[in-house]
Structure formats: C-alpha cells, structure tokens
Amino acid sequence: MCGIAGIIGLRDVQSAQGKIDSMLRQLAHRGPDAEGCLVNDGVALGHRRLSIIDLSESANQPMTDPSGRYTIIYNGEIYNFRKVKSKLKDYPYSTESDTEVILASYIKYGPACLSELNGMFALAIWDANERTLFVARDRLGVKPLYYSITGDGILVFASEVRAILDSGLVERKVDSRGLYDYVMYHSVYSPRTIVEDIQQLPAGTFGVFSRSR
C-alpha cells in the first residue's frame, strides 16, 4: 500500500509545497518507507511509499522519465509488468520497478496503456508539455482515488479523503446523500463520498484534467 496526493492549478509554489506536505502527513501510514514530492509552477505531486518491487531509492516516486516531460505517482501493483516491459525495449529503464513500466507504457500508448496492465492501481501522470494530468483506477477499484475541483479550477486529489481535507482547499461539509447512504448501507457509493464536493474516481475509469476542467 502506498499513498498519492496532488494539486494542479495552484500557482503559489510556497503555498502548494505547504499543502502537499500536509496531505502527505495524512498518508504517512500508507507508506512508511519513503516520501517524495515534486512542486513546480501549477503542479504539486506527492507520494508515500511502501516498498515492494525494487526496494532501491531509484524507484522512489514521483518518478520522471529521462526527457523530463512525464512524471508519475502511483499506488498499487502490476502483476504482469515484466511481460509489458518486454514489449517496450526502447525505453531507457533505470529501475526494476513496475512504476517505470507504467510510465514507459503510457509514453508509448497513451491512455490505451491501461489495456496492457493487469493489476490493482490508482495512478496519476503529469505531462509537463501539455500541462495535463492523466488519472486512472483499476477495473475493480481495489485502490482508491478521491478528487475535488474547487470553484477557481484547482484540482486536488489523494488516496484518502482526509488528505484532501488537510489541503485546506475543500470545505469540511457533510454530503447529505452520502450520509444517507452510509446510514442505510454502511457504505457510500461511488462517485459520492461522505464529504460534499469530494468525489471518487469510479473503478475502471480514467480521466484527464486540463485547463481547469
């Protein structure tokens, strides 16, 4: 289990750094082995790592490809990553991680890379050239991914609702329909959550965030 978090569209780098740090503190229990973040103009990506495949520091996240264009944060495990890697021999790998295989696959195939992946995952890939964020979740929704788009067009997302709330970008307000679902069924059904304005990315779904939408 790992934890991912991100903020897209917040131009104040110092503010973004403080907020992503707060979010990662809420996710520390998901990844005790390493913490990393990338904060630039308009993008903040953070990761808490539980090391399972390739225990080296070179496999820490966020992970950026050699061109500097694409950066991934990811929670999960790809069971067939060696098979996928065997099809992508042109990529200059520097780790033995499944994370880097996902990155190579996305660079090669775009969103269609998901059809190659057998596993459980929640991931986000930032394209620095196009300034777009690609997010995706595994077919059964084993790995969680929550998000909110604020009134001024800032995307904030994380593996847990508490991390989004700790960003200070989303109001702590109970969603009445989500509360009803919880009382009736002991669960809140996707895409709703118990918090108003925070949604789940549905299982088996990908999305692209660009130009505040």
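**Reading a predicted fold**

Modeller: Start with helix H1 (residues 13-26), which lies across strands S1 (3-8), S2, S3 (43-49) and S9 and runs at about 155° to S2. Helices (H or I, at least four residues) and strands (E, at least two) are DSSP runs, numbered from the N terminus. Axes are lines fitted to C-alpha atoms, for helices over the stretch in contact; angles run from 0 to 180 degrees between N-to-C directions. Contact means heavy atoms within 4.5 Å.

Colleague: What should I know about the model itself?

Modeller: This is a predicted model, where local features need pLDDT of at least 70, side-chain atom pairs count only at pLDDT 80 or more, and totals for chains, interfaces and linings use all residues. Residues are numbered from 1 along each chain as its sequence is written, and side-chain values use heavy atoms, with hydrogens and water left out.

Colleague: In what order do the six strands form the open sheet?

Modeller: Strands of a sheet pair through backbone hydrogen bonds, parallel or antiparallel. Here the order is S2-S3-S1-S9-S8-S10, with antiparallel pairing. Two strands pair if DSSP finds at least two bridges between them. S2 (34-40) and S10 (199-200) stand at the edges with a single partner strand each, so one side of each has no neighbour in the sheet. Four bridges join S8 (residues 146-149) to S9 (residues 155-158). Among the partners, Ile149 bridges to Leu155 in S9.

Colleague: Which residues touch the most other members of the largest nonpolar core?

Modeller: In soluble globular proteins, nonpolar side chains tend to be buried together. A nonpolar core is a set of buried Ala, Val, Leu, Ile, Met, Phe, Trp, Tyr and Cys residues joined through side-chain atoms within 4.5 Å. Buried means under 20% relative accessible area, exposed over 50%, partly exposed in between (1.4 Å probe, protein chains only). In this core of 23 residues, the answer is Phe121, Leu123 and Ile125. Helix H3 gives the most to the core, with five residues.

Colleague: How many salt bridges are there?

Modeller: Side chains of opposite charge can pair when their charged atoms come close. The rule is a side-chain nitrogen of Lys or Arg within 4 Å of a carboxyl oxygen of Asp or Glu. The count is eleven. One of them joins Arg11 to Asp41 (3.2 Å, N to O).

Colleague: Are Arg30 and Glu160 buried or exposed?

Modeller: Both are buried. They form a salt bridge, with the closest N and O atoms 3.0 Å apart. The two residues are 130 apart in the chain. Arg162 joins them in a network of salt bridges.
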